[in-house]
Amino acid sequence: MAQIFPEWVNKVPGRIALSGGILVIFVIAGIWYYGSPEYTDVGYQPVQPVPYSHKLHAGDLGIDCRYCHTGVEVSAVAMVPPTQTCMNCHTLIKTDSPKLAPVRESWEKGTPVRWVRIHKVPDYAYFDHSAHLRVGVGCESCHGNIAAMEEVELAKPLSMGWCLDCHRNPDAHLRPLDEVTAMGWTPPANQAERAAAIKAQFNIKPPVTCSGCHR
Amino acid sequence: MNNKTQDADASAMKTGKDYWLSLRDKADTPEYRALVEREFPEGTVELASSMNRRTFLTLMGASMALAGLTSCRRPEEEIVPYVSKPEEITLGNALQYATSMPLGTENYSLLVQAREGRPVKIMGNALDAHTGTASNVWANASILGLYDPDRSQMALANGAESSVQAFVGAWTPLFAKYAANSGAGLALLVQPFASPTLQRQLEAFRTAFPAAIVATWDAVSDANQFAGHGSAFGRPLRAVYDFTEADIVLALDADPFGTEYAAFENARGFAERRRVEKPDDSMNRLYVVEPSLTQTAALADHRLRLAAGRIPSFTASLLHAMAARGLAVPASLLAAAPADKSIDTAWIDAVAEDLLAHRGRGLVIAGRGQDAFMHALVAVINSLLGNNGSTVRYTAQPFANESDPASLSALTAAMNASKVETLIVLGGNPVFDAPADLDFRGALTNVGTTVHVGLHRDETALACGWHVPLRHYLEAWGDISSLHGQLGVIQPLIEPLYADGISDAEMLALLAGGTLQKGFDLVKATWQQLTPGLTDRAWRGILHDGLLPREIVFEAPAPSIDAVAAVLKPALFTAPALSADNMEVTFRLSPAVHDGRFANNGWLQEFPDPVTKLTWDNAALMSRSTANALGLNDGDLVRLNCAGRETPMPVWVMPGQAEFCVTVTLGYGRKNGGRVGTGAGFNAYRLRTSKALFHATQLTVGPAFSTVPMACVQDHHGLDLEKMAREGVQERLPQLYREATLEEYQKDPEFAKERVEMPVLRSMWKDHEYKEGHQWGMSIDLNACIGCGACTIACQSENNIPVVGKKMVLNGREMHWIRIDRYFSGEDDNPGVRIMPVGCQQCEMAPCEQVCPVAATSHDEEGLNVMTYNRCIGTRYCSNNCPYKVRRFNFYNYTKDMPETVQMAQNPEVTVRFRGVMEKCTYCTQRITIGKIAAKRDGRALKDGDITPACEQTCPTGAIVFGDINDPESRVAKEKQRDRDYALLGELNLRPRTTFLARLRNPNPKLEAK
C-alpha cells in the first residue's frame, strides 16, 4: 500500500512546535517592550539644533517658563518661542557665542530654528495647556523638573494610562496658581486640604471619558 | 389593539396621508428591496482592486512581519516656531475676521475663522441684523473654493504661461489707443455686482471709454423682474418681501426660500410666522403654483402643478376671480388679461378669497423665471390688494450693477459684426453659460484681442487669447453693498495662495486707469468718499465689524395700471397645449453648483439637491405619467431637443412635476470644470436661448439610448426600512414624521406625543448616573426647517467630513453626518414634501454602545454618545444596531490623496479619520470642549448660547437649538417643554437627546375638504 502522506510530513509537527514557540516568544517580547517605559520613550533626549540649557535659563537665571512659552495660560499650545524671543536678550548678551550661531542665523535669514519635538501626544488626543495651568496643575507634573535639565528629556510617559491616573486622582498635582511654574516643588504637609480647596475653587472635575481628550 | 394606535391609524386615514420616500420605494421593486435591506449595499465590502481576500491576507501577513521589525522607535518630529511671531496670533487659538462674500448682487456678511493664518470655517456675521450667524450652502462651501487646487495659478497668453505683469505690459499700448479714440472697438463683459468700489471703477471705465461697450451677464438673474417693474413703476426696482407681515403667501413659479434672491432672509421671516408656540398662535399660509417641486413647495400648504407657460393664465384667472369677489380691478387690465377656465377654479377661488380676506396681509410673488409682464402684473395685484408697503416694498439696490441679458445679446451682435477689437471678460464663464443662440464661442473668433479674467482656466479662459487669474474673495480686498443699503468690506483672510493674480477691483482700475493699483488703496479711497472724514480709528472699527450698518428706506410706489395694461396682451395669456411632441422645458439654478461656477467644489457636487436628492448629476425631471407616455425610466439617457437644439440628459422621474414639463438644472456638464467638476452631469445651457432663458416649449424627448447611474441619496441609510418594519411603513412614517394641521393642533396640542402607542418603558440596561453639570441636548423645529441643507455643509466643513465621489455615493457610502430626509406624502402626481434633518440623536440608552466590542463608542459625563476613532476596529456592529441609521463608515482612506491645498481647509480641532473607522455627529464635541475651557480660563460660568454646533450656527431659520437641558432657563430646555416636542422612535426607549417639534400645516379648509 502506498503511503498516504509524503515523507516531509514527518517534520511538520516539529516545525509547528518551533514556529509556535517563536510566536510565543515574539508575543511576550512585544508586550514586554511595548508596555514598558522604553516604548513611551521616557528619557528621550534628542540632540537639539541649539544647545539651549533650560538649567541655565530657567534654573540658574530663574526666568519664568511663561517668558518664552507665552501660550501656556491662554491656549492649548504652550508655544516654542519664536527666534525673536531669544534675540530679545541675545542682541545684548553673548552676542558672539558660537552656541548661538544657529539662532543668529535664523534671525538674520528669517529661517526658523527647527527643534526636535520631545513631548508628544498622538494626533487624536487634544491636550490643552491652558485648561491645566489655569486650575493649578504645575508644569512639572508632566514635564519633570525642567530647571534641572541641561538638555530637556522626556520625564513622564505621556501615555493615556498615565494621563488618567491624574485625571482620576489629581490631588497630588494641584498647586496654588502662583506656584504652577515652580520647579522642584514639594507638596506641603496639608496638601490634601489644599487640593480640596483648589478643587472647590475651580470646580475641578477632570474628565475621564473619551470626549475629554478625543474629538 | 390599543386605543391610541387606533387613533393614530384613524388620523392617518382621515387625512388620506400616504407617506413614501421615493417612487422607487413606492413601486417596491425587488432591486429596491435589495438596496434597503442591506445595511451596507452590494459591493461595499469588496476591495476596489482586483486583489481578493486571500492575496490580501498573504500580503498583509508579510508586511506585518516586516513592520514589526522596523518602527520600534517613533519618528523624529520637528517643531518649527516663528522667527518673529505676528502679534495677534496665539498658536492653538482661532482668530475670527469679518468679511463679505459677493455672489452676483447678493452678498453675505461673514465671519471667517482662521487658524494660524489660514481660513478654515465660514460663519455668518452676527453683527448683520438681517442674517445673524446664518449662512447658506454656497457661503459655507466657499472655503473649499479658496483651496481649490485647480484654481488658475498663472496667466496664459495664447496658451503659453505668462504673468499679470505681462498682461499689464500688453494692456498699456491698448489703453493709450483706446484712451485716444474714446474706446471705440473696446468691450467689457462683467458679472453683476453690488459694490461701491467696483461701481466707482466701472464709472471710471465708462468715463475713460465712452464709446466702449459694457455688458453685464449672469446666467440666472432677476432681469425679468427689473423689466416688469420698469413698466409698472417706470424704474427697474427690486421687490423686497416682508414675510413676517404676510398671512397669506402665493408663490407663482417662485422659489423665494430656495435659489432666489435673499432666500435665507425670506426664509427667516417666513419661519418667524411658523413658530407656533401655543395653540392660539397664528400661522401663515403658503400657496405654491409651479411646474416642478422646489424647496419652497416643501413648505407649501397647498400646491398646484402647472406648466410655467400657464402661470400667467393662472394669474389672470386669479385676477378675474378676485374682481368677481369685489376687488376693484380696472377693466383695461381684465380685458388685457383674459381668464383661463381650464385651470382648477375651486383652487383659484379659494386663493382669491383668502387673499381678499387678508388685504394688506397677503403677498403674491412671481418667480424670476416668469416673464417681465408677469412681474408687472403681480406688482399691480399686490398694490390692488393693499399689500404694497406692508408685505412688499421696492428698492433699487445701491451700487448695484445688475445682469442684463440684452446687453450680452448686443455685445455678441457687435462681436459678430466685427465691431469689437478687444474684449475683456471680467469674471464669469460666458462660453459655457451664454444662451446657445448667441454662440458666444463663435463670436469670440471675430474679436482680435480677447482677455478672460477668472478663478479657473475654464471654457472661456481656453477660448480667449489672454487669461488672467482672478483672486478668490478670501484673498483680496473689495467691498459690497447689501439690499438694505448696508455696506460691507471684503478683507483678505490670507495672502494670495498663488503669486500671480489680480482682484476684480484691481483689474477694473487697471482697465480704466492704465496702471496697476493695490486693491486696498482702491477700497480705502472709495470708503473715504462714502464716509467723509473717515478716521483711521473708524476705519479699523469698520474692518473689525466687517460692515457699516445703514438702512435705506424701501419705497412703496403705486404701479401705473395704464402702463401695465399696455404691456399686457391677451396673447401672452394663452399657452399652447402641451403634448409629447410639444413639451415644456424649464431651467433652474442648481441649489448645489449654482450656475456652474461651483462645479469644482466637491462638497457642493456631493450635496444632495434638497428636493430631488440627486448628487453629482443633473437630470431631466419629469412626472411618472409623462415618463410612461414616453416609455422612459430613471437613469435613461435621452436626447432633449428644444427647437433644434439638442443635449443628452438622463431622465429622473420626479413627483410633483407638471405633465409634459421637463425641468433641467443648469450648471452641470462642464468640459473644463477641473478635476471634480468635469464630467459631472450634462450641459443644459445647450437648450437655452436668449428669448427663453427660463422656460421654453417645443421640447421633444428622444428614446433612451443609454443609461446613467444616478446617485440619489434618499434611499440610502433609510430609517427603519428593514423587512419587518417595511411591512408597516404606512403606519410608521407618520410616526417618524409627525405633523398635523393647525386646526388639529388647536384641538389637541399634544398630538405629536400621541401618534405612537408608548409601551411601558423599562430599560434592560442600567441608567447612566449623572451627578451634575451640563447635559447637552438639541431640538429641531420641523415647522421652521426649510430643508436648505446649509447644516449639512457647515457640518462637513467643521468636522472634516470627506467627499467620497459619485461611485461611492452610488454604493451608499456618502459620509454626511446630517442626512436630510425627504418624504413625500399624498398623491403620486402632486405630493407634499416633508423634510427632516437627522443626525446622531445622542441616545441616552444608545444601542450602538451596547454592541461595540471594543467600547469605541461610549457615553461621556455630559450625556454625549461619543465616538473614539482610535479605538474603532471597524466591525460596523454599531451602525447595524442604530435605528436612526446615522453612522457613517470610512470604507477607504478618503483623505489619502487629498491635495495639499485642500488639506488646508481641514479643521485642526477635529481628528481626520482613517479607513476602517466609524464616525457620526458629535454635537461638535470640539466646540463644547473649547467652549468649556475658554469659560474656565476666563473664570466665568458657561451660559446658554456660548456653545453652538456648526449646524445651529448656520441654520437660517433658527430651526436647530442646542444647549444644556439641565438648565431649565436654556432655550433648548424650553423648546423641549413645548407641546409639539417628540422623540423620533421614542417608543424604542433609547431616549434620544435630539427631539423634534412636530410640523404644522395650515391648509385652507375649503381646499382641504375637497
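Predicted model: local features only at pLDDT ≥ 70, side-chain atom pairs only at ≥ 80, totals over all residues.
In chain B, helix α10(B) passes helix α13(B) in a left-handed crossing. As for where the two helices sit, α10(B) covers residues 311–324 and α13(B) covers residues 372–384. Their axes come within 11 Å of each other and cross at roughly 20°. An angle under 35 degrees counts as roughly parallel, so α10(B) is roughly parallel to α13(B).

Helix α5(A), residues 83–90, packs against helix α6(A), residues 101–109, at an angle of about 110° and with the axes 10 Å apart. Because angles of 65 to 115 degrees count as roughly perpendicular, α5(A) lies roughly perpendicular to α6(A). Here, too, the crossing is left-handed. From α5(A), the contact draws on T83(A), C86(A), M87(A) and H90(A), while α6(A) brings in V103(A), S106(A) and W107(A).

Stepping back to chain A as a whole, its secondary structure amounts to ten helices and one strand. The C-alpha atoms take up a box of roughly 95 × 50 × 35 Å along the principal axes. The radius of gyration of chain A is 25 Å, whereas a compact globule of 215 residues would come in near 17 Å. Buried residues account for 23% of the 215 residues in this chain. Even so, among contacts in chain A with a separation of 6 or more, 72% link residues 24 or more positions apart.

The two chains also touch each other: 33 residues of chain B are in contact with 36 residues of chain A. On the chain B side, the elements that supply two or more residues are β2 (78–79), β37 (857–859) and α34 (925–937). Of these, α34(B) gives the largest share, with six residues. By class, the chain B side divides into eleven nonpolar, twelve polar and ten charged residues.

Back inside chain B, helix α5(B), residues 137–146, is largely enclosed by the rest of the structure, because ten of its ten residues are buried. The buried set includes V137(B), W138(B), N140(B), I143(B) and L146(B). Among the elements that cover these buried residues are the strands β3 (95–103), β4 (106–115) and β5 (118–124), along with the helices α22 (602–605), α29 (790–798) and α35 (950–954), again of chain B.

P949(B) is found in the loop between α34 and α35 of chain B. This proline counts as buried, because P949(B) has 26 C-beta neighbours inside 10 Å. Leaving aside residues up to four places away in sequence, P949(B) touches Y923(B), C924(B), R927(B) and F962(B). H467(B) is 482 residues away from P949(B) along the chain, and the C-alpha atoms of the two are separated by 41 Å.

Notes:
Residues numbered from 1 in each chain as written. Chains lettered and ligands numbered in written order. Helix = DSSP H or I, 4+ residues; strand = E, 2+ residues; numbered from the N terminus. Rg over C-alpha atoms; globule rule 2.2 N^0.38 Å. Buried ≥ 20, exposed ≤ 12 C-beta atoms within 10 Å, placed from the backbone. Contact = placed C-beta atoms within 7 Å. Axes fitted to C-alpha atoms, helices over the stretch in contact; angles between N-to-C directions. Parallel < 35°, antiparallel > 145°, perpendicular 65-115°, else oblique. Left-handed = near helix turned anticlockwise from the far one by under 90°. Nonpolar A, V, L, I, M, F, W, Y, C, P; charged D, E, K, R; others polar.
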